[in-house]
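Try each task first, then follow the solution step by step.

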Amino acid sequence: MNGIAKKENASIREMIDQNQRGNLLRGKIERLIPIFLMLLASLSILTTIGIIWTLFSETFEFFRRVPFVDFFTGTVLKPLSQNPEFGVLPLLMGTVTSSLIAMMVAAPIGLMAAIYLSEYASPKVRKVVKPALELLAGVPTIVYGFFAFTFVTPLLREFIPGLQATNILSPGIVMGIMIIPMIASLSEDAMSSVPRSMREGAYGLGATKLEVTRRVVIPAALSGIVASFVLGISRAIGETMIVTIASGSTKNFTFDITQSMQTMTAYIVEVTGGDAATGSTVYYSLYAVAMTLFVFTLLMNLLARFVSKKFREEY
Amino acid sequence: MNQLSEQQHMRRTKVRLFTNQFSKVIFMLSAFFGLFVLTVLLVRVVSDGIGSINFSFLTGKLSTQPERAGIMGAILGTFWLMLVVAPVTMFVGVGTAIYLEMYAKKGRLVSFIQTNISNLAGVPSIVYGILGLTVFVRILDLGNVVLAGGLTMSLLILPIVIVASQEAIRSVPNHLGEASYGLGATKWQTIQRVILPSALPGILTGAILSLSRAIGETAPLVVIGIPALLIPFPGSIMDRFTVLPMQIYYWTLDASLVAEYANLAASTIIVLLLTLFILNSTAIFIRNKFG
């Protein structure tokens, strides 16, 4: 009897010991895991630092060779000629032009699509059309590039005789089509969050659906709509493959949209694809252009966030 | 205030009702415009490309002769790329999401990381390419191999994976965690055995969608420098490689010289779009079935 009790005691003590050892290990794990996860989380900050550091250090080297003012005011870009010139304005022109064309397509169509989805469509229709639009957003940009180059350009040339085989108009339009779903979806979110009671009030005064949309819903959702436009512009500025394929690599400083124009992104592709020797001025110009691109899109994204936060109407 | 005569009033109402009806049609057409273009695009690609899709195209090597060219190398390259991207983004992305949702104290640091992540999501993909070129290809001297491309792609889609995982973790009902704590489970045990399993469908959906983004992405790989040359099939993460979008890119560029290349590009697009369609359907299936 005594013996058995002793034995049981021993095994219970063993169990307690074991348990404590387990707890000790578990405690260690519990303390180590958050530290480890924090390291993983800091990787995203490291990425940002990596981007900024890479762009800054090489851009700095570029501006030691090419004066800052020459870069930002030069209208001639001839990186590979005997007397190279590094004016970024032709690239800025290409980027701004293609983004403007894209927005002229995407802003009205995207907004009107959003109005339809938010104000007019029955839940059934919305349930089908919204995912279908998302499909459009899921098409890889290289496919749009192919589409612009082999379909839209030849089609446009039927109507615009002077249009070059590579031009800024066609990729601009196709980029616009690519951005429609993004603007439609973000604007629709903004409009759907306008409270129903505001609409009911306007209907009660005898307004038509269009009047309610124009005078009540859009003003109330304006911050979200503007933010979606700004994000759309940012997307267009950063878009690479469509313009690279369909707009060619002529560094034109022109307003003529039937001509080939190179964007900042297409320039980066051209230079890296051409295997510019590390350490050459052309190589460093890559980073200066990328830096300009990065700053542009960052400003746009910050602006979008500012607009949607600052001017949001709270209900 | 002027009173409107009944006639004027009637006319006005008519005009208002007409514009109302008219604009409705315009809005509807806008909403369907995107779908119309998508249809045109698909019809165009299929009619151009379906003719050259056959067994030897899918399993063959690249060739300088269009009629003998195949895309097995690009298919394998895409596969190897995903073999790097999927584990890296899942591990880092879910880890970051767990930290932000479960451990970090809501405060300056968290909102800083959060802002940083949403800023990263807005950085153009080509800038990631430059980061990859500088850090992975040049400084770490990996060369333009699968590993360098995969790590670059991972950084590109990490913000999407993190945000999706955060949403999945946030949507796990509080009482599940509370019950687990109540039984004496520790925090990590709770996360490991309760939170993560019920967040898994959401996490997987996000991960698959972002993987399909990586499969279709071209710009970063162009910058890293994927050669248009005939290279042997990749067999490890340290081999040089090409992927489906890169092949589409080179063939589209060459289409102005040799017309058949446009057909090859279209055929490759069909393969790429089918792959993405299957992946996205899987994601939607998971979301509907388990979400």
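**Exercise 1. How many Å separate the centres of domain 1 of chain B and domain 2 of chain B, taken over C-alpha atoms?**

Keep in mind that this is a predicted model.

Step 1: find the bounds. Chain B splits into domain 1, residues 6-52, and domain 2, residues 72-290.

Step 2: take the centres over C-alpha atoms. They are 36 Å apart.

Step 3: look at where the two domains touch. Domain 1 of chain B puts in seven residues, and domain 2 of chain B puts in seven residues. On the domain 1 side, the classes come out as three nonpolar, three polar and one charged.

**Exercise 2. Do the domain analysis for chain A.**

Step 1: get the bounds. Here the assignment gives domain 1 as 2-65 and domain 2 as 77-310.

Step 2: get the spacing. The C-alpha centres of these two domains of chain A are 43 Å apart.

Step 3: count the contact. Six residues come from domain 1 of chain A and eight residues from domain 2 of chain A. Sort the domain 1 side by class and you have two nonpolar, one polar and three charged residues.

**Exercise 3. Describe the fold content and overall dimensions of chain B.**

Step 1: Chain B is more spread out than a compact globule, because its radius of gyration is 25 Å, well over the 19 Å from the globule rule for 291 residues.

Step 2: The C-alpha trace of chain B spans about 85 × 70 × 35 Å along its principal axes.

Step 3: look inside. Of the 291 residues in chain B, 43% are buried. Take the contacts in chain B between residues at least 6 apart in sequence: 77% of them join residues at least 24 apart.

**Exercise 4. Now put chain A through the steps.**

Step 1: count elements. Chain A has twelve helices and two strands. Reading from the N terminus, the order is α-α-β-β-α-α-α-α-α-α-α-α-α-α.

Step 2: Chain A has a radius of gyration of 29 Å, whereas a compact globule of 315 residues would be near 20 Å. Its C-alpha atoms fill a box of roughly 110 × 70 × 35 Å along the principal axes.

Step 3: look inside. Buried residues account for 44% of the 315 in chain A. Among contacts in chain A with a separation of 6 or more, 72% are between residues 24 or more positions apart.

**Exercise 5. Which helix gives the most to the side of chain A that touches chain B?**

Step 1: size up the interface. It brings 62 residues of chain A into contact with 65 residues of chain B.

Step 2: find the top contributor. That's helix H1 (residues 2-65) of chain A, with 17 residues.

Step 3: sort by class. The chain A side has 41 nonpolar, 18 polar and three charged residues.

**Exercise 6. At roughly what angle do the axes of helix H3 and helix H6 of chain A cross?**

Step 1: recall what to report. Two packed helices are described by the angle between their axes and the distance between the axes.

Step 2: apply that. The axes of H3 (residues 89-120) and H6 (residues 169-192) of chain A cross at roughly 35° and come within 6 Å.

Step 3: H3(A) passes H6(A) in a right-handed crossing.

Step 4: classify the contact. Its residues are 22 nonpolar, seven polar and one charged.

Note on methods: Residues numbered from 1 in each chain as written. Chains lettered and ligands numbered in written order. Predicted model: local features only at pLDDT ≥ 70, side-chain atom pairs only at ≥ 80, totals over all residues. Axes fitted to C-alpha atoms, helices over the stretch in contact; angles between N-to-C directions. Helix = DSSP H or I, 4+ residues; strand = E, 2+ residues; numbered from the N terminus. Left-handed = near helix turned anticlockwise from the far one by under 90°. Nonpolar A, V, L, I, M, F, W, Y, C, P; charged D, E, K, R; others polar. Domains from an automatic or database assignment. Rg over C-alpha atoms; globule rule 2.2 N^0.38 Å. Buried ≥ 20, exposed ≤ 12 C-beta atoms within 10 Å, placed from the backbone.
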